[in-house]
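Please examine the protein shown below. The briefing after it is written for a reader who is new to structural description.

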Amino acid sequence: MPADIFTERRAPMPPQGLTQQSCGVHGGIPPRCKERERRTYIKAPPGKVEEVVKFAIDAGYRLFDCAYIYQNENEIGNAVQQKIKEGAVKREDLFIVTKAGEELHPVDDKGMSIPSDTDFLDTWEAMEELVDCGLVKAIGISNFNHEQIERILNKPGLKYKPVNNQIECHPYLTQEKLIKYCKSKGIAVTAYSPLGSPNRPWAKPGEPVLLDDPKIKEIAVGHHKTPAQVLIRFLIQRDVIVIPKSDKPQRVEENIQVFDFELSEKEMDVILSFNRNWRAVPVLQAVNHKDYPFEAEY
């Protein structure tokens, strides 16, 4: 089922960012930015997140994507406060994103989401109230298909339209129709799992490993880059904000080294041709929910 996003600053998103997830951190790479841009996911034990966030701020991150369910917002906040006190960054330079969704839905004894009668349009109205109260600056969505987005945009009395839709996107799930649709509505797109989530704990034997794709490796060698850097660059050139993963400062830094090369039109077309509509994050625990978003074409 889709999740909602709300933010603490106005869109458009800044060129640097961080997102925390499941005892980790994501940093963001919005496309076509004049400054250094990137977004990385850092899965780290408690205590390490704060240090990684501070490192990332020094490296240029300015967007922090969080969620209550990740349970490390305190560390993110501590790191941000320390860096502000040091004078390394100003609060007005930071774009803070958080999410409400999965933790609000009860599950049964098998871990499956228990459907409710709640209409996400009611949730959207509640989020609009947060904007009116000055508690957030902008609101967005995650994992919404175009039919669900249409419901929001066509909602009677709509005050604020979504500024962003955060979705899984990579060469095996290129999301061309959904991205085109979102852009036509003025909705920015953020790509999570851009490297195919190779370390996901629910991976099954025989599932594709995007980073091992021989053609991706070939293109990377041609540019003297890593496969991960090629995958990040691929999305940036599509004007998509990117969320790669890492738990090491070296990778955090490496993920930013994607603005000194450009994929050719032919290379972009080749990578786009890899699409197989494969999801690394199918959210199967919600497959029976009335708002499960992945049954629609896009």
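The points that follow move from the whole chain to selected residues and elements.

This is a predicted model, in which local features need pLDDT of at least 70 and side-chain atom pairs count only at pLDDT 80 or more, while totals for chains, interfaces and linings use all residues. Residues are numbered from 1 along each chain as its sequence is written, and side-chain values use heavy atoms, with hydrogens and water left out.

**The whole protein**

- The protein contains nine helices and 10 strands; helices (H or I, at least four residues) and strands (E, at least two) are DSSP runs, numbered from the N terminus.
- Of its 298 residues, 52% are buried, where buried means under 20% relative accessible area, exposed over 50%, and partly exposed in between (1.4 Å probe, protein chains only).
- Among contacts (heavy atoms within 4.5 Å) with a separation of 6 or more, 71% join residues 24 or more positions apart.

**Strands 5 and 6**

- Strand 6 (residues 95-100) is mostly covered, with five of its six residues buried.
- Strand 5 (residues 63-65) pairs with strand 6 in the parallel sense over three bridges; two strands pair if DSSP finds at least two bridges between them.
- Between these strands the chain passes through helix 2 (residues 73-86), and the β-α-β crossover is right-handed: with the strands pointing away from the viewer, the path from the first strand over the helix to the second runs clockwise.

**Helix 6**

- I216, I219 and A220 are buried in helix 6 (residues 214-223).
- These residues lie on the same side of helix 6 because they cover an arc of only 100° around the axis, the arc being that of the directions from the helix axis to the C-beta atoms.
- On the other side of helix 6, P214, V221 and G222 are exposed.
- The buried residues of helix 6 pack against helix 7 (227-236) and helix 9.
- D213 caps the N-terminal end of helix 6, with a side-chain oxygen 2.9 Å from the backbone nitrogen of K215.

**Two buried residues**

- N143, in the loop between strand 7 (138-142) and helix 4 (146-153), is buried because its relative accessible area is 12%.
- The side chains of N143 and Y192 are joined by a polar contact of 2.7 Å; such a contact is a pair of N or O atoms within 3.5 Å, and within protein one must be able to donate a hydrogen and the other to accept it, while residues adjacent in sequence count only if both atoms are side-chain atoms.
- A286 lies in the segment after helix 9 (265-272) and counts as buried because its relative accessibility is 0%.
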